[in-house]
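Here are some notes for a first look at this model. Please keep the structure open while reading them.

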Amino acid sequence: MGRVFKFGNGISTDAIMPGRYNVTTDFDSLRKGCFIEARPDFVTTVQPGDVIVAGRNFGCGSSREHAPLSIKQNGVACVVAQSFARIFYRNAVNIGLPVIRCAELYDAVADGDDCSVDVRTGAIVSGERTFAGEPPSGVALTIMEYGSLLEMIKARGWAALEAANVS
Amino acid sequence: MGTLAEEILSRRVGRQVHAGETVVADVDFAFAHDVTGPLAIKAFAELDMPVWDPARIAFTFDHVMPANTVAAAELHRQIREFCSEQGVTNVLAEGICHQVLVERGIAAPGGVVVGADSHSTTYGAMGCFATGLGSTDIGVTFATGRTWFRVPETVHIDVHGEPAPGVQAKDIALSVIRRVGAEGADYCAVEWSGETVAAMHMDERLTLCNLSVDFGAKAGLVEPDAVTFAYTGGRGQEVHPSNPRYARTLEVDASAIRPQVAVHPAIDNVQDIDDVAGTPLDEVFIGSCTNGRLSDLALAASFLEGREVHPRTRTVIVPSSRRVYMDALEAGYIETFARAGALVMNPGCGPCLGRQHGVLGPGERAMTTSNRNYPGRMGSPEAFIYLASPAVAAASALRGAITDPAEVR
Ligand code: SF4
């Protein structure tokens, strides 16, 4: 069971990690840059298993994978948003950061509420309440089964998607 | 049968595909730049495979070129080392990826291009399917020459009417974003068409496709025509939509569009110039992959010729590539800018991502011809960013405040 860290609508990759902090490929440095300006206490208070809950278009803007990596390196169990920007969603899936779409959760929880997410079924529990997030499907589900895009390619190459006739 | 995106992807995979299907497709070209490249190299290295085709890979040094910190220099060094190990010779430090690679002809009608940068939609102006991916995806493409796509639905934008003087492709795109919102084309391709687009030169088409990602599109495309083939020197394949089924069609009357300004803090917070005119500005930036091409600089020079920028407004002008720089030099624009008191910087991304120079302080207001006004994008999260066309930016630099270009002409 983690706690909710709540963010608004249109949280851009620049808010998650401003361009000025992307000058590294070191995962621990990326961890420290997460929400460094938008929410400076994030890195010091987030615990493994916590859940980011956001509104619409989470991760909009640049294609920089530094953004989902920095969230993942903080041990965030899942990002639940009303919608995601396309490249962010794809990057998150590729690196094994669970992302779930759910329309209702956003208005129903507050910062610090407890929350847990079953990233395969999309089932979300907060306190006494349950919510049905959209479970991953298609390519996202296939990649999730391997853990990450790199693990999938290492294990099966593109046949993993072609043979499965993923759609 | 299909939209332009469906036609290109069908041809690529050798069977008819439709929106919603997933395909694994060969790509013609893949690239990364000095911010996304190092992570792509890291992902690629994990695969323990050779590079698919060094001639069809490029790295550009543009976001932080020349390096401004030891950390940035170290990332550049890693990229150079990788390229020399792998025999990649397209190591380009002569401007923004999306301009340099277009000039080098990596995108052609009917092609498929991927880049580790969201504005890779730009290449769709050539009538190819081009999209931005993350570093891991690009690292995998470096090794395999392929990637997966969900064949997108298409938003069809039909633009007609002659834009008023001083109204550019930028204003048309911002007016569309104003109507459909920042997620208006999420996961979709955008097909820009109609008589107004047909009449546009390549620079303006590049602006339309570039900005497509900023309302969520996976790709922005213009059907290849005589303008396209003149630009590519005949390279590429004829490809056309055939009995397309669009998710949505938007009619745009370009003759009714006023100069548009996207106001802090969101790209879809767009207003007519009349509603924001007079707002004082600390900085004006003319450049970026959206509007740093020769025709943009020509327009800016037509305003700044024989005049001086307002003393309160530092004005930074960045040609998008070495070729643009040299053409601007020859045409006298660079001298015009220097005489007007503007700061002309080396080709590259410049102040667009707040990482190198032209950084904004708290409370400052900037107008830029680039594409993103998220808080913190160009420096302090407490700065205010306004996006507009080169005409509006140049006019505003002269007055030191947001200005309708018609007033300065
Ligand atoms: S000019 Fe700006 S938007 Fe374009 S590639 Fe560079 S940083 Fe990205």
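1. Chain A and chain B bury about 3900 Å² between them. Carbon and sulfur atoms give 58% of that area. Note that this is a predicted model. The size of an interface is often given as the accessible area lost when the parts come together.

2. Which residues of chain A stand out here? Arg86(A), Arg90(A) and Trp158(A) supply 21% of the area that chain A buries against chain B. That is more than any other three residues supply.

3. The contact draws on both chains. Chain A puts in 44 residues, and chain B puts in 45 residues.

4. Polar links also cross the interface. Between chain A and chain B, 22 residue pairs are in polar contact, counting pairs with both residues at pLDDT 80 or more. The rule also finds 5 salt bridges across the interface. Look at Arg146(B) and Glu162(A), which form a salt bridge. Their closest N and O atoms are 2.9 Å apart.

5. Now turn to the ligand. The space it takes is the largest cavity.

Terms used
Residues are numbered from 1 along each chain as its sequence is written. Chains are lettered from A and ligands numbered from 1 in the order in which they are written. This is a predicted model: local features need pLDDT of at least 70, side-chain atom pairs count only at pLDDT 80 or more; totals for chains, interfaces and linings use all residues. Side-chain values use heavy atoms; hydrogens and water are left out. On a 1 Å grid over the protein atoms alone, a cavity is a set of points where a 1.4 Å probe fits but cannot get out, and a pocket is an open set with protein on both sides within 12 Å along at least five of seven lines; lining residues have an atom within 4 Å of a point. A molecule sits in a cavity or pocket if more than half of its atoms lie within 2 Å of its grid points. Contact means heavy atoms within 4.5 Å. Buried area is the accessible area (1.4 Å probe) that two parts lose on being put together, summed over both. A salt bridge is a side-chain nitrogen of Lys or Arg within 4 Å of a carboxyl oxygen of Asp or Glu. A polar contact is a pair of N or O atoms within 3.5 Å; within protein, one must be able to donate a hydrogen and the other to accept it, and residues adjacent in sequence count only if both atoms are side-chain atoms.
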